[in-house]
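This briefing turns to aromatic contacts, surface patches and a contact between separate parts of the chain. Please examine the sequence and the structure before reading on.

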Amino acid sequence: MSSSLSSSMSIQVSITTIEDTHVFILLLAVLGFRVFAACLTSQAAEKLQAETSSRVTTLVLDVTDEKSISAARDFVAARLPEGQGLWGVVNNAGIVGPVCPSEWVSRDGYQTCLAVNLLGLIDVTRTFLPLVRRARGRVVNISSVSGRIAFAASPYCVSKYGVEAFSDCLRREVYRQGVQVCIIEPGAFKTDISKPDIVLKSHKMSYDATPADIRQHYPDFTVEACKLNDKMLTRASAIVSPKLHLVVDAYVLALTSRFPPTRQLVGSDVRLFYRLLWNLPTPLTDWILNCCFVACLFLAVVFIYQLVTWLRSRIRVGDYHKKHVLVTGCDTGFGNLLAKRLDGVVRVPSVCRLSDVTSAEKLQEETSSRVTTLVLDVTDEKSISAARDFVAARLPEGQGLWGVVNNAGIAGRSGPSEWVSRDGYQTCLAVNLLGLIDVTRTFLPLVRRARGRVVNISSMLGRIAVGNSPYCVSKYGVEAFSDCLRREVYRQGVLVCIIEPGVFKTDMFRHDSLLKSLKMSYDATSADIRQHYPDFTVEALDKLITRASAMTSAKLHLVVDAYVLALTSRFPPTRQLVGSDVCLFYRLLWNLPTPLTDWILVKLRESAAY
C-alpha cells in the first residue's frame with residue numbers, strides 16, 4: 001500500500017545533502033514540499049540556493065559537529081509555521097571511507113567513517129526527532145546493500161550495518177508515537193562518493209601507510225595490482241548504474257506515501273544478485289514447497305549439508321600443547337570460564353587480557369602456569385601494541401598465535417535511542433567494535449604465521465536490533481567487520497569465526513547495573529522528550545528487566561563450548577548461534593517481514609512492562 005499524501009500540504013523536510021541529491025531537492029520543491037537543504041560548505045549552499053526556488057532554504061551543517069547540528073535545529077525551528085513540525089528528516093550525508101583490506105585501516109580510518117555515516121546520522125536524528133514527532137512525520141536513513149552483506153570496504157560496511165541497527169531500534173521505540181523510520185538500501189550507482197579517482201587515491205594512501213610485511217599477504221593489492229586499479233575501477237564504473245532517479249524515487253516514496261515501505265532495495269544488482277546472497281527469492285521458495293518431490297529433495301540436500309557440516313566441525317586439530325591462544329576480557333563471564341577451560345581441558349596455553357591488576361592476579365591463582373595474565377585496555381592502542389610485544393616475546397621461535405578470541409565487551413547505555421548521547425554511543429563502540437578491530441589488526445600477523453583463527457564475540461543483537469541501541473549498533477558492526485575480514489584473508493589460511501549468543505546470566509547484564517544505566521539516561525533526558533515514551537518509565541523498565549532476567553540462561557558453558565569448538569575444530573562453523581532463545585525464536589524473527597517483526601517485538605515489550 002503506497003497511497004500518497006496530498007502534495008498541496010505545506011510540508012517541511014530537512015535533508016543532509018551532498019551534490020548528488022540536487023535533483024531530489026528540486027523534485028520535492030515541485031511536489032509542494034518546503035525543503036531545508038543542509039550542505040557541508042557555504043559555497044555548496046550558495047550554489048544550490050541559486051539553482052532552486054524559494055521553497056528551498058539552504059544552510060551549512062557539519063554532521064560530525066554537535067554544535068553545528070544544534071544550530072541547524074534552531075535555524076529550522078525558527079522558520080517553521082507556529083505549531084507545525086518537521087515532516088521528514090532525510091539522513092543522506094555520507095563518505096566512502098578507506099578502500100582497502102581491513103588490516104590496513106587504522107582506528108582513525110574507522111572513526112572518520114563512523115563519525116559521518118553513523119554517529120552523524122544518529123546525532124541529526126536525535127536532535128530533530130522532537131520536531132518530526134510534532135508533525136507525526138518520518139525519518140529516512142540512507143543505508144546501502146553493504147549494510148546487509150559485507151563485500152565492500154570494511155569501514156563503510158561497519159558504518160552501514162550500524163545504520164541498519166540504529167534504524168531498527170529507533171523504529172521499534174517510536175512505534176506508538178506516529179513517527180515512521182524508513183531505510184533506503186541502494187546498490188552501486190554512479191555518484192561522487194564512488195568516483196574511480198577518489199577510490200584509487202584512498203587505496204593508495206592506505207597502501208603507502210601499510211608496512212610491506214603486511215602488504216605481501218594481499219597479492220590482489222600489490223603495487224602492480226594498484227597500478228592496474230585504474231582499469232579495474234573503470235570496468236567497475238561501467239557496471240554501476242547511472243539511474244540515480246531510482247534512488248530519488250525511493251526517497252520520494254518514503255516521504256510521500258501514507259504507508260511507506262520500511263526498507264527499499266534500490267537497483268537491479270541488489271534485487272537480482274545480492275538479495276540472492278542473503279536470502280532465497282520467494283518465487284523459488286514457493287516453487288520448492290509446491291512440488292512434493294523437489295521439496296523432499298531440497299530437504300534431503302539441506303539435511304545432508306547440515307550433517308556433513310556438523311561432522312566436519314567435529315574433526316579436531318592436533319598438538320594442542322604446542323598452540324597459543326589470546327583471550328580478551330577474562331575478568332569475569334565467558335572469558336574467565338574460557339581461560340580456565342583451555343587450561344584444564346584442552347591444554348591450550350592462554351594469554352588473557354584483563355582490565356585491572358586484581359582480576360589478573362586472581363585468575364593467575366586459579367589456573368596453572370600454562371595461563372599467563374596481564375592487563376590490557378582494548379580502547380588504548382599503546383596498551384594493545386605493548387600486549388602484542390609481550391605475547392610475541394613469549395612465543396617459541398618461528399611459531400605464531402593459533403587463535404585470538406575477542407571476548408571483551410560492555411553493555412553500553414540503556415534507554416531509547418533518543419535518550420543516548422553521542423558519548424554513549426562512542427563509549428560502547430570504543431570497546432565492543434573499535435577495540436575488537438584494533439586487537440585483531442595488531443595480532444593478525446602472528447595469527448597468519450600459525451595459519452590460525454580469529455574468534456569474535458557478537459550477539460543475537462548483531463542480527464536483530466531488539467536491545468539497547470548502542471549495543472546493537474556495535475554488534476552489527478562486529479558482524480560487518482568479521483565478514484569483511486573473513487573474505488579478505490580467505491586465501492591466507494586464516495579463519496574468522498563469529499559467536500552469536502542469546503541472553504545469558506553474566507555480569508554485563510546484571511539487573512542492578514542495567515537499571516542504574518537506565519536511570520542515568522532517564523535523568524539526563526528532558527521531561528518533554530521522556531513523555532513520548534510511556535513504556536520506558538523507570539518502573540516499567542524495572543519490571544521488564546526483572547522478567548527478562550528470569551528468562552536468561554545460566555548455562556554459560558554453552559558459549560564456552562562454542563568458543564572451544566571454534567578454536568579446536570579443523571573446520572569450525574563460520575557462525576554459531578548459542579542459546580535456545582536464538583535458535584528457536586529470534587532466528588525466526590529476523591527472517592520474517594520487518595513490519596511483522598516490529599509488531600511482535602513491540603507487543604512483547606509492552607506486555608512485559610505492564
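A residue is called buried when its relative accessible area is under 20%, exposed when that area is over 50%, and partly exposed in between. T574, at 34% relative accessibility, therefore counts as partly exposed. The model is a predicted one.

**A contact across the sequence**

- T574 is placed in the loop that runs between α21 (557-568) and β14 (575-578).
- Although 77 residues separate T574 from C497 in sequence, their C-alpha atoms are 4.7 Å apart in space.

**Aromatic pairs**

- A pair of aromatic rings is described by how far apart the centres are and by the angle of the planes.
- Eight aromatic pairs are present in the structure.
- One of them is formed by F166 and Y425, an edge-to-face pair with 6.3 Å from centre to centre and 75 degrees between the planes.
- This pair joins distant parts of the chain, as F166 belongs to helix α5 (residues 154-173) and Y425 to helix α16 (residues 422-450), 259 residues apart.
- F166 has a relative accessible area of 0% and is therefore buried.
- Y425 also counts as buried, because its relative accessibility is 1%, and the cut-off for that class is under 20%.
- The rings of W419 and Y533 have centres 5.8 Å apart and planes at 80 degrees, so this pair is edge-to-face; planes over 60 degrees apart are given that name.
- W104, Y207 and Y218 together make up one aromatic cluster.

**Surface patches**

- Which residues gather in a patch of negative charge on the surface? The patch consists of D108, D377, D380 and E381.
- D377 counts as partly exposed because its relative accessibility is 38%.
- A nonpolar patch on the surface is formed by Y175, L596 and W599, which together have about 280 Å² of accessible area.
- L596, a member of this nonpolar patch, is located in helix α23 (residues 594-609).
- With a relative accessible area of 38%, L596 is partly exposed.

Terms used. Residues are numbered from 1 along each chain as its sequence is written. This is a predicted model: local features need pLDDT of at least 70, side-chain atom pairs count only at pLDDT 80 or more; totals for chains, interfaces and linings use all residues. Side-chain values use heavy atoms; hydrogens and water are left out. Patches are made of residues with over 30% relative accessible area and no salt bridge: like charges are joined within 9 Å, nonpolar side chains (Val, Leu, Ile, Met, Phe, Trp, Tyr) within 5 Å. Accessible areas come from the Shrake-Rupley method with a 1.4 Å probe; for residues, only the protein chains shown count as cover. A salt bridge is a side-chain nitrogen of Lys or Arg within 4 Å of a carboxyl oxygen of Asp or Glu. Lys and Arg count as positive and Asp and Glu as negative; His and the chain ends are not counted. The place of a charge is taken as NZ of Lys, CZ of Arg, CG of Asp or CD of Glu. Buried means under 20% relative accessible area, exposed over 50%, partly exposed in between (1.4 Å probe, protein chains only). Rings of Phe, Tyr and Trp (its six-membered ring) pair if their centres lie within 6.5 Å; planes under 30 degrees apart count as stacked, over 60 as edge-to-face and the rest as tilted. Helices (H or I, at least four residues) and strands (E, at least two) are DSSP runs, numbered from the N terminus.
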